[in-house]
Amino acid sequence: QLPVAHRAEADPVPLPPEEPLRAECEHFLSCLGSRQAPLPDGANALRVLRVLAAAERSMEAKGAPMRELSAPGDRLGPGALVHPTATVDEDVVIGASTRVWHYSHIMPGVRIGERCILGQNVYVGQGVKIGDRVKIQNNVSVYQGVTLEDEVFCGPSMVFTNVINPRSGLEKKDQFKPTRVCKGATLGANCTIVCGTTIGSHALVGAGAVVTSDVPEHALVWGVPARQSGWVCRCGETLRLKDGQTTCAACQARYELKDDALRLKEQ
């Protein structure tokens, strides 16, 4: 049922004659003299600024809910969105127009670029660096020691590691092996990337593959353990080589094979 408005007699609200800003300044000066904490202290002022910033981001995102960042080192670029259920720890930088969705956890010191998408239940380990336009699908953990360059795609539930021979009863954080995924590479759903490897730019790792060694640029690999079965274009289409030359049927990009490496030819 809709509420019905009824006219009534006005109920005046009494207002003190003091000017609010003048009264606040006088209160602040009094606290300086008495060394008492002012009622509206600096922490409250910062909270107001954070709420206003979250409200502005919400308006830019057409009313989407925004999380108020509370850590002093947090920096959120314009148009970025952090879902209220996500957890963002201290000293995190999230680039412009990046989206962090439900129940994700961003650890301290993480740097995330612009226009990225982190799906539901994504974990990003301490100090991880993520480039621009990266897409991380649901249920992916990007552990400490992993670096994702620009335009990397991580498929649903794919797996990174950071220790070769883990033991529950032994601390091995000093044995983390770095993993790098280079620009434009795609990691298929449910694949596993064993630590200490480099995935070359624009490579494509098939769904369910287990990568135990470096993957060349533009290589197509799949299987357990992963083995190369061909080459892929920067647009993702499979390439067919003839005499070390090929042209992508989809985007017309031209490539040549030299010293077992596929290189884009000058257009």
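**Aromatic pair and open sheet**

Tyr-143 is partly exposed, with a relative accessible area of 32% (buried means under 20%, exposed over 50% and partly exposed in between, with a 1.4 Å probe and protein chains only). The model is predicted, so local features need pLDDT of at least 70 and side-chain atom pairs count only at pLDDT 80 or more, while totals for chains, interfaces and linings use all residues. Residues are numbered from 1 along each chain as its sequence is written, and side-chain values use heavy atoms, without hydrogens and water.

Tyr-123 is also partly exposed, at a relative accessible area of 25%. One aromatic pair is found in the structure (rings of Phe, Tyr and Trp, the last by its six-membered ring, with centres within 6.5 Å; planes under 30 degrees apart are stacked, over 60 edge-to-face, the rest tilted). The ring centres of Tyr-123 and Tyr-143 are 5.9 Å apart and the planes meet at 50 degrees, so the pair is tilted. The pair links distant parts of the chain, 20 residues apart: Tyr-123 belongs to strand β9 (residues 123-124), and Tyr-143 to the loop between β12 (141-142) and β13 (146-148). Strands are DSSP runs (E, at least two residues), numbered from the N terminus.

Ten strands form an open sheet with mixed pairing, in the order β2-β5-β8-β11-β14-β17-β20-β22-β23-β24 (strands pair if DSSP finds at least two bridges between them). The edges are held by β2 (81-82) and β24 (238-239); each has a single partner strand, so one side of each lacks a neighbour in the sheet. Within the sheet, β20 (residues 204-205) pairs with β22 (residues 219-222) in the parallel sense over two bridges. Leu-204 lies opposite Leu-220 in β22.

Definitions and conventions:
Helix = DSSP H or I, 4+ residues; strand = E, 2+ residues; numbered from the N terminus.
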